[in-house]
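Biologist: I'd like to learn how to read pockets in a protein model. Could you walk me through it?

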Amino acid sequence: MSVHVSLDVVALVAAIVGLGVGAQLLAAKYRVPSVLFLLLTGVAIGPEGLGLIPPDAAGGALSTIVGVSVAIIIFEGTFRLEYGAIWKTSKAVSRMITIGAVIAFVGTALTVRLLLGASWDIAFLVGALLVATGPTVIAPILAVVPVREEVATTLEVEGIVNDVTAAVLAVVLFKAMTAQQLAPGGYVWLFVQRLATGVIVGLVVAGIVWYLLTQVEHPSETAPQTARLLVLAGAVIAFAAADSVFSEAGIVAAATAGFVLGSLELPYQEEILQFMRDETLLVLSFVFITLAALLEFEELLALGVAGLAVVAVLMLVIRPLAVFVSTIAVGFTTSERLFVSFVGPRGIIPASVATLFAVRLQTERPPSDPSGAHLLLGTVFLTILVTVVIEAGLARQVAGVLGATESEQ
């Protein structure tokens, strides 16, 4: 029986990877962000389509694979960030991940509360999850939309940092819902504890990898391959080590290790970067097809017109407000600010964390809250589906109309 299950998982992974590569090729051919094809492919083969992926496929082994995949994606994103580029956009970035994040968090929570009638704890939980845009959805868009470096860096850094902080904030808020004996300061400590754990583990792993690459002699014929594998191992080990302490600290560790290693002078850095890019394309395919297989249209339709109204407010009011407030006097043109306002799709981190919380809300919360679980999951997944399809699907065309691409500056 165990062998049969293992074979099923292997066959499923192989099918997802194969379809993912096909979706990437189509995206490259038609110059459309790959995430759109990946999401549509996942829906087509998931429970709402052909049913090739069962509804419970995301549990167990696949859930672990998705976690490691997200760590690799985040690691690669921070690894290729250039410190100089971040410094140029430091004001825009710092505002987007602070002022902009607060506007998104509070605005989303109020919108969900008013339009969907959610309880305050569910509303703030949704608000925390939907702060994150994430590198899994931003990177494919920037791959086909040639915006100015400062604009691209702002979007990339915002996605990476908010992915990390939103996940940790959501976990802390969930603990506040399910274990209300802590004082308010206790939740701040939980947040800091998890961030600090991830940062420390990431720094330690980055230091070890740097030492092995620069201070240990390797045979010249295998040195490039060794460098690539050491860096990949560092990404996975950083995630796993921090994840074993606090499950939500793993992505913090992966992000930290990637940024530190990317900022250092490493041998074979270009080869490492190309290898990580190829690896990211592969795991990105897996992550988004698996994400789409989690979609249940029944939960989306249950939200009705109010659910679509929530998404519309997030896209047309809250996101532009956060962007325009955060980019005052930072050197962005009006066209660029409008483009950044348009590009705010949500991705795998909100989906995976929301799924975990929904299961716990139905089974563990005293008393259990199945209605809150359905509202949480439905709102998060509807937002992901609509923002990815519209914003990723039309990003290149919108940038062209606005004149926000680099060639048109």
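This is a predicted model: local features need pLDDT of at least 70, side-chain atom pairs count only at pLDDT 80 or more; totals for chains, interfaces and linings use all residues.

Biologist: How many helices and strands does the chain have?

Modeller: Helices (H or I, at least four residues) and strands (E, at least two) are DSSP runs, numbered from the N terminus. Here there are 18 helices and 0 strands.

Biologist: And how does one look for a pocket?

Modeller: Rolling a probe the size of a water molecule over the atoms shows where empty space is left. On a 1 Å grid over the protein atoms alone, a pocket is an open set of points where a 1.4 Å probe fits, with protein on both sides within 12 Å along at least five of seven lines; lining residues have an atom within 4 Å of a point. Grid points are joined across faces, edges and corners, and a volume is the space filled by probe spheres set on the points. The second largest pocket has about 760 Å³.

Biologist: Which residues lie nearest the centre of the second largest pocket?

Modeller: R80, A139, A143, E156 and R277, out of 30 lining residues. The largest share of that lining, 7 residues, comes from α8, while α1 (2-30) and α13 (269-293) are among the helices supplying at least two each.

Note on methods: Residues are numbered from 1 along each chain as its sequence is written. Side-chain values use heavy atoms; hydrogens and water are left out.
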